[in-house]
Amino acid sequence: FSGKSIVRKQDILDYLNPLHVAQKSAQPAMPNTVATKITQPYREITLSKMKRAEGRSLAVGVGSTIQSAVSVTCFTQGLRRNLDANASGVNASALIVYEVSRLLRKYPNLNAAYRDGKMLRYEQVNVGYAIDDGRGLKVAVLHNCDTLGPRQISTLLRELTVAYIDDRLTPSQIANATFNISDLSGMGVSSFYPLISENQGGILGVAAEQLPPGNAYGFYNLTLAF
């Protein structure tokens, strides 16, 4: 029983009766849950191929890892100072992507995937930026992001967003992300739990700035699921 730390009665029976094990493994696997029959009236709506693919990717990401998450509150005074220091052409999203790309080099276990009991550390830092304005979720990828400066990232983000709106993102522009950022700050969301995509080990959720009455600076929440 090489590789087993505990040998159970069933392990011995399986060893003594290998034919039974082969027959058992040949049977189709039963689902863990059985859907409850719907008894109220409904209208069936077929989901688009893109939406079904999105669901499969997130399902694989959730199912292949034991997910956890931590949230921190960030005050925006320092962020605003950074934006002022970088002058025009750089927005808050670009600064967050810039910092994330550098931190993924410092913490490479988050720039990885997990498969068959092994960690697959990616050699490149390719930050995926989730975009969804109602026409379907796409993750635009900034390849080798840790080699780009804030202004380069800001320009690239604008170009990818325009390509998404015009429905002309190429396969290479949405491929091989090693870590994702989901930014819902534009929707006024105060906090949320982002879902890890397939072949990744982490995702950062960025919420909207909350401004207390009478204050020029506020705060926002960052949630890292991993």
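**Helix packing and the sheet in a predicted model**

Colleague: Why are H5 and H6 called oblique to each other?

Modeller: Set the angle against the classes. Helix H5 (residues 92-106) and helix H6 (residues 150-165) pack at about 120 degrees. Angles under 35 degrees count as roughly parallel, over 145 as roughly antiparallel, 65 to 115 as roughly perpendicular, and the rest as oblique. H5 and H6 are therefore oblique. Their axes lie 8 Å apart. Axes are lines fitted to C-alpha atoms, for helices over the stretch in contact, and angles run from 0 to 180 degrees between N-to-C directions.

Colleague: What is the basis for all this?

Modeller: This is a predicted model; local features need pLDDT of at least 70, side-chain atom pairs count only at pLDDT 80 or more, and totals for chains, interfaces and linings use all residues. Residues are numbered from 1 along each chain as its sequence is written, and side-chain values use heavy atoms, with hydrogens and water left out. Helices (H or I, at least four residues) and strands (E, at least two) are DSSP runs, numbered from the N terminus.

Colleague: Which residues make the contact between H5 and H6?

Modeller: Ser 93, Ala 94, Leu 95, Val 97 and Tyr 98 in H5 meet Pro 150, Ile 153, Ser 154 and Leu 157 in H6. Contact means heavy atoms within 4.5 Å. By class, seven are nonpolar, two polar and none charged. Ala, Val, Leu, Ile, Met, Phe, Trp, Tyr, Cys and Pro count as nonpolar, Asp, Glu, Lys and Arg as charged, and the others, Gly among them, as polar.

Colleague: What makes S1 and S5 edge strands?

Modeller: Six strands form an open, mixed sheet in the order S1-S8-S7-S6-S4-S5. Strand S1 (69-75) and strand S5 (138-142) each have a single partner strand, so one side of each lacks a neighbour in the sheet.

Colleague: How do you know that S4 pairs with both S5 and S6?

Modeller: Pairing takes at least two DSSP bridges between two strands. Five bridges join S4 to S5, running antiparallel. Three join strand S4 (residues 127-131) to S6, running parallel. Both counts meet the cut-off, so both pairs stand. Ile 131 has Lys 138 in S5 as its bridge partner, and Gly 128 stands opposite Asn 180 in S6.

Colleague: Why is S6 called largely enclosed?

Modeller: Five of the five residues of strand S6 (residues 179-183) are buried, so the rest of the structure largely encloses S6. Buried means under 20% relative accessible area, exposed over 50%, partly exposed in between (1.4 Å probe, protein chains only). Both faces are covered: Phe 179, Ile 181 and Asp 183 on one side, Asn 180 and Ser 182 on the other.
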